[in-house]
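Hi,

Here is the structure I said I would pass on.

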Amino acid sequence: MFKNEFWFPESVNSMASGIDDLFMFILWVSVISMGLILGVMAWFAYKYRAGNYTNTEPFTTHHFKLELAWTVIPTIILMIIWYWGTVDYVAMSVPKKDSMEIRVTGQKWFWTFDYPDHGVRLRATPETDEQRRLDNQPVGLVVPIDTPVKLVGSSVDVLHSVYIPAFRLKKDVVPERYTVTAFIATEEGEYDLFCTEYCGTKHSGMITKATVVSKEAFEKLMEAEKQKQSGPVDGATVFASSGCAGCHTVAPGGASGVGPALHGLYGRQENLNDGSSVLADENYIRESIMKPLAKVVQGYSPVMPSYSGQLSEDELNAVVLYIRGLGRDDGGAL
Ligand code: CUA
């Protein structure tokens with residue numbers, strides 16, 4: 001069989017190692033099926049051609065074993081493809097424990113990468129990329145080698161999509177919601193990163209690199225950037241200045257006020273007024289800030305005002321991270 005490099009760019013994401021094989025499997029199943037079907041068609045066209053029809057046997061109306069075979073065999077093949085694809089999809093969707101978190105934000109028309117553990121932000125515009133090249137710095141999304149990464153995406157305007165062919169990774173980033181994907185980069189180098197959902201006139205300009213560097217080089221870059229930058233928006237500060245504390249306590253064992261206490265909220269099942277329950281994940285926390293009446297916790301009145309339009313995307317992300325970390329030693333890292 002052909003080596004995969006014949007068809008694909010190199011593959012440097014160990015969590016996506018099965019994807020190429022699955023693709024080849026589907027390709028060859030398709031090629032063989034097509035060969036069989038076209039072969040039988042050609043044979044029938046020849047055998048039963050007009051003017052040569054001397055067959056006086058009665059027509060066959062059906063053939064039970066044949067019908068059984070062409071039902072059961074494709075079903076088995078489909079189940080194999082489904083199982084195989086699901087295993088790979090889950091591997092790329094569920095981050096490993098103690099993954100390093102990187103938050104990617106799509107915006108017309110550039111990318112922003114935030115490293116909450118390091119308090120560093122990297123922007124990838126054509127100008128910043130060029131500047132970093134001049135400074136001999138890695139470009140675009142910079143990740144350390146052999147490190148599990150949890151990539152959390154969001155968008156401040158329209159639908160964009162992070163596409164890194166060498167990582168076999170494509171994940172939409174969507175307004176008003178977080179999407180999660182996971183990878184482990186296995187080889188140092190510079191790989192293409194595109195936006196692959198049409199997002200306006202400069203969609204084609206949303207192009208940068210994913211650069212895989214050694215762990216030492218990564219820490220050095222983070223340290224250098226930290227010195228240069230003013231630091232990320234502080235979620236606790238936004239929480240205080242936005243008046244959240246007027247209704248929500250954050251201390252351990254804090255009493256419920258007008259709104260629910262927030263300590264230990266993240267990862268809990270919350271019972272809602274309508275009798276249903278919801279997992280308090282990042283999307284729930286975000287929604288509760290922007291659309292507080294969508295899911296009201298049992299026993300509370302629907303009185304919280306929406307913060308839609310009042311918090312910038314940065315402030316919103318910072319508050320979500322802050323609430324997520326309340327009562328968790330690990331800051332809520334999944
Ligand atoms: Cu962003 Cu296309």
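I started from Thr208, which has its place in strand β10. One thing to keep in mind as you read: this is a predicted model.

Is Thr208 buried or exposed? Its relative accessible area is 4%, so Thr208 counts as buried. Its side chain also has a polar partner: a contact of 2.7 Å joins it to the side chain of Asp129. Leaving aside residues up to four places away in sequence, Thr208 touches Trp111, Ala124, Asp129, Val139, Gly140, Tyr191, Asp192 and Leu193. So much for the neighbourhood; now the sheet around it.

β10 belongs to an open sheet of 5 strands, in the order β4-β10-β9-β6-β7 and with mixed pairing. At the edges are β4 (141-144) and β7 (169-173), each of which pairs on one side only. On average, neighbouring strands here are turned by 20 degrees against each other, with direction ignored.

Going through some of the pairings:

- β4 runs parallel to β10 (residues 207-213), and the two pair over 4 bridges. In this pairing, Val142 stands opposite Thr211 of β10.
- β6 pairs with β9 (residues 189-195) in the antiparallel sense over 2 bridges. Here Tyr163 faces Phe194 in β9.
- β6 also pairs with β7, again in the antiparallel sense, this time over 5 bridges. On that side Tyr163 stands opposite Lys170 in β7.

β6 itself (residues 160-164) is mostly covered, with 4 of its 5 residues buried. The hairpin that β6 makes with β7 has 4 residues between the strands, and Arg168 there takes a positive phi near 55 degrees.

Next, the aromatics. How many aromatic pairs does a search of the whole structure find? The count is 9, and I picked out a couple.

Take Tyr115 and Phe218: their ring centres are 5.8 Å apart and their planes are at 55 degrees, so this pair is tilted. Tyr115 lies in strand β2 (residues 110-115) and Phe218 in helix α4 (residues 215-228), so the pair ties together parts that are 103 residues apart in sequence. Both Tyr115 and Phe218 are buried.

Phe167 and Phe183 make another tilted pair, at 4.9 Å centre to centre and with 40 degrees between the planes. What does this pair tie together? Phe167 lies in the loop between β6 and β7, while Phe183 is in strand β8 (residues 179-184), so the link is between parts 16 residues apart in sequence.

Elsewhere, Trp43, Phe44 and Tyr48 are linked by ring pairs into a cluster.

Which charged ends sit over the ring of Tyr178? One belongs to Arg103, at 4.9 Å from the ring centre. The other belongs to Arg286, also 4.9 Å from the centre of the Tyr178 ring.

That's what I have for now.

Cheers

Technical notes. Residues are numbered from 1 along each chain as its sequence is written. This is a predicted model: local features need pLDDT of at least 70, side-chain atom pairs count only at pLDDT 80 or more; totals for chains, interfaces and linings use all residues. Side-chain values use heavy atoms; hydrogens and water are left out. Two strands pair if DSSP finds at least two bridges between them. Axes are lines fitted to C-alpha atoms, for helices over the stretch in contact, and angles run from 0 to 180 degrees between N-to-C directions. Buried means under 20% relative accessible area, exposed over 50%, partly exposed in between (1.4 Å probe, protein chains only). A polar contact is a pair of N or O atoms within 3.5 Å; within protein, one must be able to donate a hydrogen and the other to accept it, and residues adjacent in sequence count only if both atoms are side-chain atoms. Contact means heavy atoms within 4.5 Å. Rings of Phe, Tyr and Trp (its six-membered ring) pair if their centres lie within 6.5 Å; planes under 30 degrees apart count as stacked, over 60 as edge-to-face and the rest as tilted. A charge sits over a ring if NZ of Lys or CZ of Arg is within 6 Å of the ring centre and within 35 degrees of the ring normal.
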